[in-house]
Amino acid sequence: MDVQRVTLRKMTPSEYDAATGHREAETARELGKFMPEELARERAHQDTVRFLPDGPDTTGHHLVVAENGSAEVVGNAWIGPDPRQAAATARSAWLYDINVFPAFRRRGYGSALLSAAEELVAREGWTSLGLNVSGDNEAAIALYRRNGYDVESMSLRKSVQHAPGTDNN
């Protein structure tokens, strides 16, 4: 496979709207595993409002598209301060979202987009780039591992149900 390169540029308003719709739908799909669908959609939207109060112009956040050498938009990303740190003093950046469009997947653009995001993070003076990935997203986990990302923490969950007729005491 050829090594791909991409250039990042700020999203246009229509690209921002499309990326936000996609991100919120994906977030709601993931949250829907643990809560009612309507609540999951509302929570996904509220996360956008909370983290991006000024949309694509939110200070400290980069909402970008990735263009290949033919000027085709192959994907997008949202990079900002690590939400686990105070924004004003954050030394770590966070990859809130990354998306390679279906027509460009499995062609090296995921790694190229990660590399470009890391370059942006370094230029901004952040010292690391963190992210969260769903435990069942094996393709994304493999991409991150191939690109040198290590597991920092792990959250596990098991569904349990109260058996009818048993006492909770």
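Phe51, Trp78 and Tyr96 make up one aromatic cluster, where rings of Phe, Tyr and Trp (its six-membered ring) pair if their centres lie within 6.5 Å. Keep in mind that this is a predicted model, where local features need pLDDT of at least 70, side-chain atom pairs count only at pLDDT 80 or more, and totals for chains, interfaces and linings use all residues. Residues are numbered from 1 along each chain as its sequence is written, and side-chain values use heavy atoms, leaving out hydrogens and water.

**Aromatic pairs**
- Searching the whole structure turns up four aromatic pairs.
- In one of them, the ring centres of Phe51 and Tyr96 sit 5.5 Å apart with planes at 55 degrees, so this pair is tilted (under 30 degrees would be stacked, over 60 edge-to-face, the rest tilted).
- Phe51 belongs to helix H2 (residues 37–51) and Tyr96 to strand E4, so the pair ties together parts 45 residues apart in sequence (helices, H or I of at least four residues, and strands, E of at least two, are DSSP runs numbered from the N terminus).
- Phe104 and Tyr109 pair edge-to-face, at 5.7 Å centre to centre and 90 degrees between the planes.

- Phe51 is partly exposed at 23% relative accessible area, while Tyr96, at 18%, counts as buried (buried is under 20%, exposed over 50%, partly exposed in between, with a 1.4 Å probe and protein chains only).
- Phe104 and Tyr109 are both buried.

- Leu129 touches residues including Ile79, Trp94, Leu95, Val121 and Tyr149, leaving aside residues up to four places away in sequence (contact means heavy atoms within 4.5 Å).
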